[in-house]
Amino acid sequence: MENQQRNFGTWQLTSIMISSMIGVGILIIPRTATKLLHQMGWLGPIAGVLIASVAVAAIVYLGNQFPGSTFVEFMPRIFGGAIGTLCVFLFILYQFLNAGITARLFGEVVVTSVLPQTPLEVIIITLLLLVMFLCCHEIEVVARINELLIPFLLFPSLLIPLVSFMNADWYNLLPFQVESWKQVMKTGLNTYTLYTGYELLMVYFAFAIPGARLGMASVTGMSFALVVYLITVVAGITVFGYEELQRLVWPTLELVKVTQRTGWFLERFESAFLAIWVASVFTTIGNMLYATIFSLRRWFRKGIRFQRITAIVIMVPLFFLTLVPQNIVELFSYTQHLTAVGFLITIIIPILLAITQFMRNQFNKGREVNNEKGGT
Amino acid sequence: MGKSFRYFALLIICTILLTGCWDRRELEERASVLAIAIDQDEKNENLYKMTVQIPIPIKIAGSSGKGGGNNADAVKIMSVTGRTVTDASNNLQMRLNQRLFLGHTRILAVSEEVARKGIQDIMDSFRREPQIRRLLWPIVVRGKASTLLEIKPRIEPIPVVFLMGLIENGMKLGRIPDQTLGDYFNQTSNLTMEPFLNYVEASKNEVSWKGVAVFRGHKMVGKLDDMQTWILLQLRNEKPGGDIVITLPKTKNGYVSFRPHFAKKKVIIHNSSSATFHCELQGDIVELTEDLKIPAEQFVLQMQALIKKEMENRAKKLLQQVQKQYNSDILKLGLTLRAKHYQDYWKTHNWKEDFRDFPVRVTYTIKLRRLGMEMQ
């Protein structure tokens, strides 16, 4: 399996990372970040990035240790057959569930705000068909699509919060003080889900051109996501105040809606925003599901034909999975549960992998030295 | 053969899938509500009476050609009753041939009577409805709210457009506060402040802005007249407000008019036990009905002192009313206190009650810049 072409550049990896991270989460982040922290909610994304970056560092380390192999290969090599296989299975399952929930959240936003008469199923099916089409192609296509869509995502996601600062009341951000650090930790554990998507790098790093700077790509990606989330939260707090944010289902969408009177050249900004946002959700779900299907292919050591069939077959359970939550309250509680599970898979497993690998390296080094000694 | 068949299939698929939204409705197929007025029903106290204004597209298009012959009929005004707002709009739908569309609603008029009873129950449906824009203007109307929709201004074919122009223009001049529905929502959620809404009076052919209605919670508790509102605008939003006409002392019938162009304010809180608003007004003398026959240098100083005294008196009256009578912090003083004196004041006080007794002073600095086109 090592004969796979490795041709992802640093910038392509960065764009895969950014567009996997920025997705549905950006619409609800102002609310979730301020829930416990109130006016200090902007600490949420910062605490989240601190947690996530440990795992990212671990993934970069693993990527450098095992160039050209995905988690499917290196997990069993580090943890041994049984546990490694279990981890691979959990990872694939998590990606699958996460893609389902994300697709459902996407459908909910579209149904509540734009197309109230359209059945939810239709919206989800169209999205999934598009994703399925992506999944039928080779992996370079994913990189190219991400690279192509990234400017559409970069520019507006920074511009919109900045424009909305025009109706901001900065006193809403004060007083500058933290009631308890425990709450900051809790919010951090909650908001780190914004950055999930980085774990897909365990797949995509395998295709980096030899010499591509993995660390550089991840640092750029993480810092960009941090900046976007941070200014979105700050814009939410300053425009609405944290009390009002608790009452809004999709605070960022409301933010876009009230950003029209500023005399900007565009009125009714929200349609433009939604168009861009659809693209960003597509890349998120696409990257997730592609990683799932591609790792299945690697796992069973099959070819592109297997991947195509899997892509088509897997859409059926995925579609029914998206319809499991019966209402929006249930949907948000599922999201909460998935966050807790995701913590194990996206944080703990990569870190454990990296630690084990590091110790093994040290041990091996020690043994080599011993061997040399023994030889002389 | 294969290729042309493929193109043909693509063509067929495109014609089926790219026909547009399946549930689209053309503009003239909707009953666009431009304004909603909510009153209490005369016969039954528990019912709301909802009046809507719907423009008739053909009449508007025709009126420009005919030179506005029968302007009055360019809109249709309908009244329905219901137990809640949604109930009333359901009843309204039964009397309309097209689907009601609230996306273009710009004015929400509430009668003083309803506002004094509280409008939380009315606002709930406006919070939930995704079509409603947070940028529409809620207005409290003296007497019946429906009179506001029934005016015939003649200058504009659609009464609501006239009213919108009136508010928008006043906003640009800095005389009418820009209080949108979103602001109202934010201010009612926010723990530090109270909302206020524009207050108008409508007669048969005209509408006139009369100041603002002050709320406490969701209940209207009183009103401020235009001059007091201008002080409020200066102290709260740094808007100049309207012209100030003062009787000249020691003259029979002399008046001086001062037109502020720029307002700047600064709030200083002393030892978290009292507050001072410093307000600086820059402006011109625009009218002087009696010659005072004093040197110009002295005249400027005298006028500045006179205007300063008058403004401070008016501000004192405003504070008296807002604090003692209404006990409603529409000045955003609470926000400043929470932002800057969280530990030493905010934590130990209940602002909703303590605002009444918080000592507030206002000082003005008048900077008389020009005397119009006259030398004196």
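# Notebook: a predicted two-chain model

I began with A:Ile314, which sits in helix H14 of chain A. Helices here are DSSP runs of H or I with at least four residues, strands are runs of E with at least two, and both are numbered from the N terminus. I then took the distance to A:Asp169. The two C-alpha atoms are separated by 48 Å, and the residues are 145 apart along the chain.

I noted the ground rules. This is a predicted model, where local features need pLDDT of at least 70 and side-chain atom pairs count only at pLDDT 80 or more, while totals for chains, interfaces and linings use all residues. Residues are numbered from 1 along each chain as its sequence is written, and chains are lettered from A and ligands numbered from 1 in the order in which they are written.

Most residues other than glycine have a negative phi, and most peptide bonds are trans. I looked for exceptions.

- A:Leu174 and A:Pro175 are joined by a cis peptide bond, with omega about 0°. A:Pro175 belongs to the loop between helix H7 (139–164) and helix H8 (181–191) of chain A.
- A:Arg301 is not a glycine, yet its phi is positive, about 55°. I found A:Arg301 in the loop between helix H13 (269–300) and helix H14 (304–322) of chain A. Why does A:Arg301 count as exposed? Because 9 other C-beta atoms lie within 10 Å of A:Arg301.
- B:Lys332 also is a residue other than glycine, and its phi is positive, near 65°. I placed B:Lys332 in the loop between H10 and H11 of chain B. B:Lys332 is partly exposed, with 19 other C-beta atoms within 10 Å.

I checked helix lengths. The expected span is 1.5 Å times one less than the number of residues. H1 of chain B (residues 2–17) has 16 residues, so it should span 22 Å; its end C-alpha atoms are 22 Å apart, which agrees.

H10 of chain B (residues 296–326) has 31 residues. It should span 45 Å, and its end C-alpha atoms are 43 Å apart, which agrees. Which residues of H10(B) are buried? They are B:Met303, B:Ile307, B:Met311, B:Ala315, B:Leu318, B:Leu319, B:Val322 and B:Tyr326. B:Asn327 follows H10(B), and its phi is positive, near 50°.

**Entry: nonpolar cores**

A nonpolar core is a set of buried Ala, Val, Leu, Ile, Met, Phe, Trp, Tyr and Cys residues joined through C-beta atoms within 7 Å. The largest has 109 residues. A:Leu13, A:Ile59, A:Tyr198, A:Tyr204 and A:Ala225 touch the most other members. Helix H10 of chain A (residues 214–240) gives the most to this core, 14 residues. A second, separate core has 86 residues, among them B:Ile139, B:Ile158, B:Val207 and B:Met303.

Setting aside neighbours within four places in sequence, A:Ile59 is in contact with A:Tyr198, A:Glu199, A:Leu201, A:Met202 and A:Pro350. Contact means C-beta atoms, placed from the backbone, within 7 Å.

**Entry: domains of chain B**

An automatic or database assignment sets the domain bounds. Chain B has domain 1 (27–224) and domain 2 (226–370). Their C-alpha centres lie 32 Å apart. The contact takes 16 residues from domain 1 of chain B and 25 from domain 2 of chain B. On the domain 1 side, strands S9 (207–216) and S10 (219–224) of chain B each give two or more residues. S9(B) has the largest share, six residues.

**Entry: where the chains meet**

How many residues of chain B are in contact with chain A? I found 17, facing 18 residues of chain A. On the chain B side, helix H8 (181–189) and helix H11 (333–340) of chain B give two or more residues. H11(B) has the largest share, five residues.

Definitions and conventions: Two residues are in contact if their C-beta atoms, placed from the backbone, lie within 7 Å. A residue is buried if 20 or more other C-beta atoms lie within 10 Å of its own, exposed if 12 or fewer, and partly exposed in between; C-beta atoms are placed from the backbone.
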